[in-house]
Each structure stands twice: as C-alpha cells, then as structure tokens.
Amino acid sequence: MTVAIIVAISSNGVIGRDGGLPWRLSTDLKRFKALTMGHHLIMGRRTWDEVGKPLPGRRTIVVTRNAELEVPSGVHLAESVEEALKLAKSDDEPFVAGGAEIYRLAMPMADRYYLTRIHAEIEGDTFFEPDFKGWKQAFTEDHPAGEKDEYPVTFEVWERVG
Ligand SMILES: NC(=O)c1ccc[n+]([C@@H]2O[C@H](COP(=O)([O-])OP(=O)(O)OC[C@H]3O[C@@H](n4cnc5c(N)ncnc54)[C@H](OP(=O)(O)O)[C@@H]3O)[C@@H](O)[C@H]2O)c1
C-alpha cells in the first residue's frame with residue numbers, strides 16, 4: 001500500500017480559510033478527481049463538514065473522536081488515521097485529503113505527496129507546510145492562471161526516499 005497525501009498549498013503555507021478553500025482552481029479540482037477516482041479518501045471531520053457528501057467513485061473515511069457522528073450510508077468513521085488506513089487496506093493507494101490536523105497526523109505514514117503549489121500569497125487561517133527532507137521530487141508540471149484558474153500553480157509529486 002502506498003499512502004498518498006494530496007494537498008494544495010499557497011506560497012505562504014495556507015491550505016484553508018473559514019472551513020473552505022480560499023481559491024478557485026478548476027484544473028486542480030480535475031486533477032484531484034482523476035487521481036483519487038476509485039480510491040479511499042481519508043479526511044478530518046472539519047474537511048468532511050465542508051465536503052458534505054461522499055464524492056462519487058470514491059470511499060470516504062472521516063477521522064473523528066465522535067463515534068456518534070451521523071454520516072450518510074457508505075461513509076465510514078475512524079477514530080485515528082491508523083484505523084482509517086486499516087479500513088482502506090484493500091486499496092493500493094488510499095489518499096489522505098486533509099485538513100491540516102489530519103495531514104500532520106498522516107505525515108509519518110505517508111509514502112507519496114501530490115502537491116499543488118499555488119503561486120500566490122493568500123489570506124487564510126489553516127496552514128500546512130510539509131518538510132521534504134528525506135523525500136525526492138518525482139514530477140513537476142507548471143500551469144498558468146486562466147479563465148477557470150485564479151492563480152498559476154505547479155503540480156508536484158514527491159516520493160519518500162528509502
Ligand atoms: N488545500 C487543501 O488541499 C485542503 C484539503 C483539505 C482541507 N483543506 C482545508 O483545511 C481546513 C480544515 O482543516 P482543519 O485542520 O481545521 O481540520 P481537519 O483536519 O479537516 O479535521 C479536524 C478534525 O479531525 C478530527 N481529529 C483530529 N485529530 C484527531 C485524532 N488524533 N483522532 C481522532 N480524530 C481527530 C477531529 O474531529 P472531531 O472534532 O469530530 O473529533 C478534528 O476536529 C478547511 O479550511 C479545509 O477547506 C484544505
């Protein structure tokens with residue numbers, strides 16, 4: 001199993017604002033969909049609150065301390081990232097999809113990052129900055145801003161070394 005983290009980060013480390021994403025980046029959403037299709041999505045309860053429904057073609061696992069949390073059928077609860085990964089054990093590449101609290105917990109277990117670097121300083125209240133010491137960059141691709149993409153971005157893939 002390859003544990004993947006998928007995250008978009010502004011140049012000042014912002015990943016969220018007011019419970020949501022403070023940018024409009026259609027190409028990034030398409031990439032998220034293409035990469036995660038058919039896989040498990042592991043997310044924190046606050047990110048789940050924002051997403052609000054299971055995303056088609058993917059199995060959602062919500063990490064929460066609240067075992068009574070009401071979720072639609074087909075969505076699973078886990079009391080830790082470790083438990084979420086056990087629930088996803090049939091998947092060759094489960095995706096940890098945020099937010100900051102869950103990224104921090106998952107970091108030591110991750111083998112791969114799909115990182116979108118957003119080339120703009122953006123105001124926000126939720127931050128995450130991975131430390132890539134001990135990782136190597138496996139892929140990089142630049143995309144300009146456009147009609148549906150507010151900012152230029154670079155798509156990067158990072159792999160743990162060793
Ligand atoms: N830019 C991106 O790629 C990206 C991706 C995803 C999310 N986001 C953004 O990130 C923000 C949300 O991030 P966040 O850090 O506030 O919240 P989060 O990580 O989505 O969820 C936090 C919740 O996870 C549960 N949790 C945390 N630690 C736990 C533990 N050790 N054991 C069990 N459950 C635990 C708790 O749920 P309970 O309170 O229910 O116990 C906690 O309230 C939003 O703005 C969202 O839009 C950005």
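View 1. Strands (E, at least two residues) and helices (H or I, at least four) are DSSP runs numbered from the N terminus. A word on the source: this is a predicted model, in which local features need pLDDT of at least 70 and side-chain atom pairs count only at pLDDT 80 or more, while totals for chains, interfaces and linings use all residues. Residues are numbered from 1 along each chain as its sequence is written.

**View 2. E1 sits between E6 and E7 in the sheet order.** E1 pairs with E6 (residues 95-96) in the parallel sense over 2 bridges, and Ile 5 stands opposite Val 96 there. With E7 (residues 112-118), E1 again pairs in the parallel sense, over 7 bridges; Val 7 has Leu 115 as its bridge partner. Strands count as paired if DSSP finds at least two bridges between them.

View 3. Step back and you get 8 strands in an open sheet with mixed pairing, ordered E5-E4-E3-E6-E1-E7-E10-E9. E5 (76-78) and E9 stand at the edges with a single partner strand each, so one side of each has no neighbour in the sheet. At the E5 end, E4 (residues 59-63) runs parallel to E5 over 3 bridges, with Val 62 bridged to Leu 77. Towards the other end, E7 and E10 (residues 153-160) pair antiparallel over 7 bridges, Ile 118 being the bridge partner of Val 153. E9 (residues 135-143) and E10 are antiparallel too, over 8 bridges, and Thr 140 meets Glu 156.

**View 4. The largest nonpolar core.** This core has 37 residues, of which Ile 5, Val 7, Ile 42, Met 43, Val 96, Ile 102 and Tyr 103 touch the most other members. E1 is its top contributor, with 6 residues. By nonpolar core we mean buried Ala, Val, Leu, Ile, Met, Phe, Trp, Tyr and Cys residues joined through C-beta atoms within 7 Å. Zoom in on Ile 42: leaving aside neighbours within four places in sequence, its contacts include Ile 61, Val 63, Val 81, Phe 95, Val 96 and Ile 102. A contact is a pair of C-beta atoms, placed from the backbone, within 7 Å.

**View 5. Around the ligand.** The shell holds 27 residues, and Gly 16, Gly 44, Arg 45, Gly 98 and Gly 99 come nearest; a residue is near if its C-beta atom, placed from the backbone, lies within 6 Å. Strands E1 (4-10), E2 (14-16) and E3 (40-44), along with helices H2 (45-51) and H4 (100-106), each give two or more residues to it. By class, the shell has 10 nonpolar, 11 polar and 6 charged residues, where Ala, Val, Leu, Ile, Met, Phe, Trp, Tyr, Cys and Pro count as nonpolar, Asp, Glu, Lys and Arg as charged, and the others, Gly among them, as polar.

Methods:
Buried ≥ 20, exposed ≤ 12 C-beta atoms within 10 Å, placed from the backbone. Contact = placed C-beta atoms within 7 Å.
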